[in-house]
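Visitor: Please take me through one part of this structure in close detail. I would like the contacts, the charge pairs and the surroundings, in plain terms.

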Amino acid sequence: MDLRRDVFQAIADPTRRAILLLVATQSMTAGAIASQFDTKRPTISKHLLILTECDLLQREPIGREMYYHLNPHKMKEIAHFIEPFRKLWDDRFNKLESVMKQYKPKA
């Protein structure tokens with residue numbers, strides 16, 4: 001059975017989120033990414049495979065090296081999905097803040 005991974009499964013893992021943060025500012029090779037973690041290189045390679053399958057990372061060959069960089073279009077899809085929830089929580093926190101401003105502790 002071939003299960004298709006989705007971006008939310010990919011970003012659920014803290015190591016994969018850390019990888020995304022690493023490559024957000026600059027393209028990196030698998031070796032450079034792996035050097036930032038205390039896990040073995042094959043483990044990082046599996047994370048890179050998942051992120052690439054989900055189209056969160058793109059691979060680009062430069063010379064003999066393969067560089068990974070962030071796919072901003074896919075990240076934008078995640079942001080669009082999350083935005084209504086962000087607004088909901090902002091509204092709730094603003095309401096809580098107004099209630100707390102009116103609260104007067106008993107002396």
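Guide: Leaving aside neighbours within four places in sequence, Lys74 is in contact with Val7, Cys54, Asp55 and Leu56. Contact here means heavy atoms within 4.5 Å. This is a predicted model, in which local features need pLDDT of at least 70, side-chain atom pairs count only at pLDDT 80 or more, and totals for chains, interfaces and linings use all residues. Residues are numbered from 1 along each chain as its sequence is written, and side-chain values use heavy atoms, with hydrogens and water left out.

Lys74 sits in helix α5, which covers residues 72–102. Helices (H or I, at least four residues) and strands (E, at least two) are DSSP runs, numbered from the N terminus. The relative accessible area of Lys74 is 17%, so Lys74 is buried. The cut-offs are these: buried is under 20% relative accessible area, exposed is over 50%, and partly exposed lies in between (1.4 Å probe, protein chains only).

Lys74 also has a charged partner. Lys74 forms a salt bridge with Glu77, and their closest N and O atoms are 3.5 Å apart. A salt bridge is a side-chain nitrogen of Lys or Arg within 4 Å of a carboxyl oxygen of Asp or Glu. Side chains of opposite charge can pair when their charged atoms come close. Lys74 and Glu77 are three residues apart in helix α5, so about one helical turn separates them. Glu77 has 47% relative accessibility and therefore counts as partly exposed.

By this rule there are four salt bridges. Among them is the pair Lys87 and Asp91, with the closest N and O atoms 3.2 Å apart. These two are four residues apart in helix α5, so about one helical turn lies between Lys87 and Asp91. Asp91 is partly exposed, because its relative accessibility is 34%. Another pair is Lys101 and Glu97, with the closest N and O atoms 4.0 Å apart. Lys101 and Glu97 are four residues apart in helix α5, again about one helical turn. Lys101 is exposed at 67% relative accessible area, while Glu97 is partly exposed at 42%.

Pro72 is placed in α5. At 48% relative accessibility, Pro72 counts as partly exposed. Pro72 and Thr43 are 29 residues apart along the chain, and their C-alpha atoms are separated by 24 Å.

Helix α5 also contributes to a nonpolar surface patch, supplying its largest share, eight residues. The patch is formed by Phe8, Phe81, Ile82, Phe85, Leu88, Trp89, Phe93, Leu96, Met100 and Tyr103, with about 1000 Å² of accessible area together. Patches are made of residues with over 30% relative accessible area and no salt bridge; like charges are joined within 9 Å, nonpolar side chains (Val, Leu, Ile, Met, Phe, Trp, Tyr) within 5 Å. Accessible areas come from the Shrake-Rupley method with a 1.4 Å probe, and for residues only the protein chains shown count as cover. Ile82 lies in α5. Ile82 is partly exposed, with a relative accessible area of 31%.

Last, a helix pair elsewhere. The axes of α2 (residues 14–23) and α4 (residues 41–53) come within 10 Å and cross at roughly 75°. That makes α2 roughly perpendicular to α4; angles under 35 degrees count as roughly parallel, over 145 as roughly antiparallel, 65 to 115 as roughly perpendicular and the rest as oblique. Axes are lines fitted to C-alpha atoms, for helices over the stretch in contact, and angles run from 0 to 180 degrees between N-to-C directions. Thr15, Arg16, Ile19 and Leu20 of α2 meet Ile44, His47, Leu48, Ile50 and Leu51 of α4.
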